[in-house]
Amino acid sequence: MEQAINVEWQTSRNSGYAFTKSMRLLNSSDFQNVFDDAPLRTSHQHFLVLARQNQLGIPRLGLVIAKKHIRHAVDRNRMKRLIRETFRVKQQQLAGIDVIVLARKGMNDSTNAVLIEQLNGQWQRLIRKFQKAKSEQPT
């Protein structure tokens, strides 16, 4: 049983769907670049997604999950896991974008299935906006 799990993990890691450290916004200047100029935005009742194109060719994710909006650490960690997982699955389509997800009040009241569905919808909206902006850019 343990071998099957290990093989499955190796397969998903080798298929290009891992969430590595290089796919995270790590320092304040990375976050500030997105906050200062975020031409791509999608909004939802429970979260706000800000994004801008990067020159790296890989997507990067930053999370802002405030204690003010989601009180308990266990709930904040659950939100982070769900956001990272949905981002990881969509990473091939999000290549070349820096993204920040900001949690809003009440996000922790939803079930995992509902949050995953909402996040996937926001990722799809962001991908459409990114492709539209990319096609409108002069070459």
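This is a predicted model: local features need pLDDT of at least 70, side-chain atom pairs count only at pLDDT 80 or more; totals for chains, interfaces and linings use all residues.
A nonpolar core is here a set of buried Ala, Val, Leu, Ile, Met, Phe, Trp, Tyr and Cys residues joined through side-chain atoms within 4.5 Å; buried means under 20% relative accessible area, with a 1.4 Å probe and protein chains only. Helices (H or I, at least four residues) and strands (E, at least two) are DSSP runs, numbered from the N terminus. In soluble globular proteins, nonpolar side chains tend to be buried together.

Residues are numbered from 1 along each chain as its sequence is written. Local features need pLDDT of at least 70 and side-chain atom pairs count only at pLDDT 80 or more, while totals for chains, interfaces and linings use all residues; side-chain values use heavy atoms, with hydrogens and water left out.

The surroundings of Val99 can be listed residue by residue. Leaving aside neighbours within four places in sequence, Val99 is in contact (heavy atoms within 4.5 Å) with Leu25, Val49, Leu50, Ala51, Arg60, Leu61, Gly62, Phe87, Trp123 and Leu126.

Strand β4 itself is mostly covered, with 7 of its 7 residues buried. In a regular strand the side chains alternate between the two faces of the sheet. Ile97, Val99, Val101 and Ala103 lie on one side of β4, Asp98, Ile100 and Leu102 on the other, and all are buried.

The pairing of β4 involves two other strands, where pairing requires that DSSP finds at least two bridges between them. With β2, β4 pairs in the antiparallel sense over 7 bridges; Arg52 stands opposite Asp98 in β4. With β3 (residues 60-64), the pairing is parallel, over 5 bridges, and Leu61 has Val99 as its bridge partner in β4. Together, β3, α3 and β4 make a left-handed β-α-β unit; a crossover is right-handed if, with the strands pointing away from the viewer, the path from the first strand over the helix to the second runs clockwise.

Over the whole chain there are 4 helices and 4 strands, in the sequence pattern α-α-β-β-β-α-β-α. Of the 139 residues, 40% count as buried. Among contacts with a separation of 6 or more, 82% are between residues 24 or more positions apart.

Methods. Buried means under 20% relative accessible area, exposed over 50%, partly exposed in between (1.4 Å probe, protein chains only).
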